[in-house]
Amino acid sequence: MTPDWKRRLTFTRVGRWYTGLTIGIGLAAINTGNNLLFLVLGLLLASIAVSGILSEQSLKGVRVERRLPSGATAGEPALIGLLARNTKPRAPSFSLELRERGGDVEGRGFLVLLPAQQAAEAAYRFVPERRGVHRFEQLEVATRAPFGLFEKSRPLDAPAELIVFPRRVAPPQLQARSSARDGERPEDRIGVGYEMHSLRDHRAGEDARTIHWKSSARAGRLIGVDREQEHRRRVCVLLDHRRLSGAMLESAVEKAAALVEREMDAGAEVSLALCGEGLASGSGEAHLRAALTMLALVQPAPRGPAPAPESGAAVLEASP
Amino acid sequence: MKLFAGKGVSLLQAQQLAGSLAALSAFAACAVSEELGLALLILFPAALIGAHYWGGRFYEKAQWAWTVLVVFAFLVFAAQVLAGQLDIVLAAARFALLLCIHRLWHRRNQRDELLLLLLCLLLLCAGAALSAQLLFGFAFLAFSVTATWAMAFTHLRFEIESGRGPAGSAALLQSRRIATPALLAGLGGLSLLGLVGSALIFFTFPRVTIGGLRRPSRGVPVAGLGDRIDLSGHGTIADDPRVVLRVRLDPPPDAGRKSLTEHWRARALSVWTGLGWRALESGLAPARFPPPPKLSKARRQPPLVADIEAVAGFSEGVILTPEGWPLAVSFGRPLSARGSALRLYRDAAGDFFYQPVEVGDLRYTVVAERTTPELDLLRGRGEKYPPWLAADLAVPADLDPRLRDLSRRLTAEKDPADAATAVERYLSSTLQYSRELAGEQKDPIAHFLFERRKGHCELFSSAMVLLLRTAGIPARNVTGYYGGEWTDAGYYAVRAGDAHSWVEVYFPRAGWVLFDPTPAAERGSRQEGLWARAVLAWDALQQKWRAFIVDYDLLAQAQMVKQIGSMLSEAGRRLSGKGAGAAQLRLVLGGLVALVVAALLGFALRRVRLGGRRGAMLGIDERRALQLWRRARRRLSRAGIELGPATTPQEAAERARVAAAHELVAAYSAARWGGARLSAEQARALLRGLDRALAGA
């Protein structure tokens with residue numbers, strides 16, 4: 001845990017000049033004994049002290065939170081928010097730079113003014129170069145106010161992780177190894193689908209959209225319709241990464257991710273088979289994220305077991 | 001002023017305006033030295049105003065012309081310095097001013113603005129080296145405020161530009177909601193804080209000086225005590241409120257006395273010119289101080305010590321002395337650049353001079369015998385005068401016969417002492433004082449005595465001299481100043497308007513004795529107007545500036561430390577009940593301590609209240625979860641598990657490789673983030689489990 005009192009103080013370029021000049025004027029004052037030069041020296045030194053006090057006042061009581069996006073993809077910009085809150089009762093904070101420190105990601109945001117008891121958000125764009133876990137360690141709130149002579153910063157613990165999905169590439173023109181029909185396949189039972197299964201009397205309280213209006217007009221009473229349950233196509237994306245590493249592995253992972261997305265967009269239920277692990281078939285946004293997360297974390301596995309595709313699913317094998 | 005009309009200023013305008021004002025203040029700091037020269041005095045303000053309105057159009061245009069100009073100026077100044085025609089500090093100040101003008105016309109990016117501020121600072125330093133006047137102090141104050149604005153706005157402007165990019169920052173820089181009067185006042189307060197700090201550093205910084213490259217102060221004499229006076233003037237004698245002497249007396253005059261009745265003697269003028277007086281030409285000899293004659297039966301009083309500062313431009317080589325018999329004159333602190341080399345001389349008339357003539361203020365001390373001559377002791381000293389008094393007995397050949405008659409009437413068959421007293425009394429009681437000059441008269445004294453019957457002090461003294469000389473009594477006209485007004489700065493100020501003229505009469509074995517025929521109520525000036533008071537206040541302020549700032553040295557610093565020490569020791573003594581007013585002091589200190597304690601208590605209570613409020617933002621289970629994790633973290637660290645600042649609880653549990661850690665982290669996460677309950681017993685049990693597991697592992 002980083003203690004609250006910890007500060008880092010560095011000279012800015014202007015500050016180095018200023019300090020040099022102050023020393024020079026101090027020497028001139030001592031050399032000549034000119035009291036007015038001592039007065040100027042006093043002003044310069046006092047400005048340094050005042051600058052230190054005010055920068056401390058600016059940093060004090062400022063809390064910062066990081067707001068990570070729900071997902072990020074390698075090679076595509078992601079917006080990361082930095083929410084700063086000034087908890088001081090009265091004093092505003094000026095010229096605050098909020099930045100990442102110590103983690104895998106570099107980024108910064110700037111706030112001109114953060115009034116007392118208020119919050120403001122700054123954001124920075126981050127373009128991840130690789131897939132996988134990106135760790136964030138500390139946030140640093142820094143200020144060069146009021147004169148830009150020194151930079152005082154205060155580190156704040158803010159550990160977090162962001163999983164970056166594989167880079168988006170065009171999916172390969174792959175055909176399934178086993179026979180699988182395209183699209184949805186109707187099953188002979190009542191369920192959720194588009195095709196009509198049977199007609200029956202409308203039941204009170206049912207959704208009006210289930211009324212078959214033509215039949216109702218013909219019969220003179222409300223007739224409801226039952227739909228036929230549709231069976232989704234099941235696809236298993238297989239990635240055998242036992243002999244893959246480096247660029248080859250990356251290429252294979254990216255293609256696997258592209259296949260997962262393509263098949264899910266096409267309405268299939270997609271499962272994932274990797275060396276030593278797998279994801280059962282499913283659909284929807286959460287499933288897509290789970291699959292992409294699994295692919296984002298794929299590592300070379302030279303001694304891992306062979307991937308086991310889900311039975312009954314059409315297999316699409318991603319290769320570099 | 002249109003910038004401030006109605007809508008306020010944008011940040012960009014405020015930043016540029018503050019930079020210009022800082023430059024103007026720095027220029028003023030140099031200009032008050034009066035050494036920059038007329039050309040620069042006109043050029044700089046004109047360039048500043050021009051740059052404000054048209055500077056942007058010329059940015060990076062005709063750069064070659066500027067370069068040529070600057071290089072040319074540098075070469076000229078360097079040549080002048082090498083040839084000994086120009087002081088190096090003055091040359092540097094002039095060159096910095098030119099660079100400053102150049103920068104004022106070329107300011108767009110951060111580098112330009114920072115260079116401008118740097119040049120301003122150099123100008124201020126040059127001003128400090130060139131001038132020690134109070135006006136520099138005001139320029140310094142203005143600089144401290146405007147430079148604070150300039151630095152803060154410059155920092156803010158370029159932080160915004162770098163943080164948001166040119167497109168993103170444009171709207172903010174043009175916003176009129178940043179450089180608000182509140183911010184300007186806040187920054188003003190900041191500069192005030194800086195000035196307080198500056199004063200603290202100024203007074204405490206050890207005054208150990210090396211003394212190399214010390215620059216003597218310069219000044220130009222503007223007036224002086226001449227060796228002649230002319231009585232044929234026109235118009236009215238105007239009061240001149242400028243201070244010519246600052247006097248501190250020891251022993252001080254009676255308590256509460258606001259004005260002095262002192263004659264400050266400068267020159268004796270013995271030769272009548274027909275229209276006025278001039279000094280007798282005689283050589284200068286090293287000053288001697290013969291013992292005073294005994295002119296009083298009363299016991300001798302201790303001598304008066306007058307610590308005098310003659311303001312630059314007024315004394316012009318003459319040492320003014322207070323009434324009485326001078327016993328010693330010595331030059332005092334602060335010494336000028338040539339202070340220790342000053343020599344004291346005296347002419348045949350007894351006037352004191354010093355050489356070489358110092359153009360700055362001169363400080364010296366005169367010790368004088370204060371015994372007032374008694375008439376009894378002046379009587380009966382005879383009328384045998386030494387031959388060197390011939391000039392002081394000379395009467396003009398064309399003297400008005402009425403004056404002879406009057407002299408005879410006033411002095412006939414009287415002892416010289418009584419004759420002098422009679423003439424003095426006659427003039428002061430029968431003639432009127434007037435500041436209106438009579439204009440050119442063939443015989444100004446006769447015109448004064450018999451026709452106009454009113455006049456100014458020179459006419460009174462001249463008439464008395466001629467009346468006494470006609471009676472065969474040696475007398476001479478003396479010029480100097482009369483009076484002195486108390487100031488809050490702790491000295492009596494004698495002003496130029498206090499110029500006065502009186503008479504010295506010679507008595508054998510007694511020397512020259514002062515008589516003043518001008519009515520007592522009319523001597524000196526009556527300067528009570530607003531302007532006169534303002535001038536006096538300004539002079540007092542100048543003296544304080546000089547005493548506390550310009551002349552502050554190691555000795556003054558030691559005295560200050562000593563004073564603080566004795567103050568503390570006195571306070572300690574009183575607190576221990578040994579001194580007068582101990583009870584009151586204890587009461588005051590007790591009150592102060594109580595105030596401080598109350599303030600501290602209030603502060604602590606506020607913190608507790610705020611802390612409570614902050615804590616209240618978390619529920620009891622969330623706080624317990626946080627506490628649980630902190631304790632678990634300490635235990636894991638102690639068990640040798642490496643935990644960095646970025647290690648999450650989940651990662652820590654994985655590194656620990658014990659089920660109890662996972663269990664604890666799950667309970668922590670559920671309570672901290674999932675809204676689950678976590679009792680104190682549960683937390684203790686989890687920690688015990690972790691301890692056991694870690695011990696087993």
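I count a residue as buried if 20 or more other C-beta atoms lie within 10 Å of its own. The model I am reading is predicted.

**Helix 5 of chain A**

I looked up which residues of helix 5 of chain A are buried. They are A:Leu288, A:Ala291, A:Leu292, A:Met294, A:Leu295 and A:Ala296. Next I checked what covers them. The cover includes helix 4 (246–265) and strands 8 (132–143), 9 (150–165), 14 (269–274) and 15 (277–282) of chain A. I then tested the length of this helix, residues 285–296. At 1.5 Å a residue, its 12 residues should span 16 Å, and the end C-alpha atoms are 16 Å apart, so the two agree.

**Strand 4 of chain A**

I followed the side chains along residues 78–86, and they alternate. A:Ala78, A:Ile80, A:Leu82, A:Ala84 and A:Asn86 point to one face and are buried.

I then looked for the strand's partners. Strand 2 (residues 62–67) pairs with strand 4 of chain A in the antiparallel sense, over six bridges. Strand 7 (residues 119–126) also runs antiparallel to strand 4, joined by eight bridges. I picked A:Ala84 to see both pairings. Its bridge partner is A:Val64, and A:Ala84 stands opposite A:Ala120 in strand 7.

**Chain B against chain A**

I found 42 residues of chain B in contact with 37 residues of chain A. On the chain B side, helices 5 (110–130), 6 (134–174), 7 (181–204) and 13 (530–550) each give two or more residues. Helix 6 of chain B gives the most, with 12 residues. By class, I noted 28 nonpolar, 11 polar and three charged residues on the side of chain B that touches chain A.

Note on methods: Residues are numbered from 1 along each chain as its sequence is written. Chains are lettered from A and ligands numbered from 1 in the order in which they are written. This is a predicted model: local features need pLDDT of at least 70, side-chain atom pairs count only at pLDDT 80 or more; totals for chains, interfaces and linings use all residues. A residue is buried if 20 or more other C-beta atoms lie within 10 Å of its own, exposed if 12 or fewer, and partly exposed in between; C-beta atoms are placed from the backbone. Helices (H or I, at least four residues) and strands (E, at least two) are DSSP runs, numbered from the N terminus. Two strands pair if DSSP finds at least two bridges between them. Two residues are in contact if their C-beta atoms, placed from the backbone, lie within 7 Å. Ala, Val, Leu, Ile, Met, Phe, Trp, Tyr, Cys and Pro count as nonpolar, Asp, Glu, Lys and Arg as charged, and the others, Gly among them, as polar. The expected span of a helix is 1.5 Å times one less than its number of residues.
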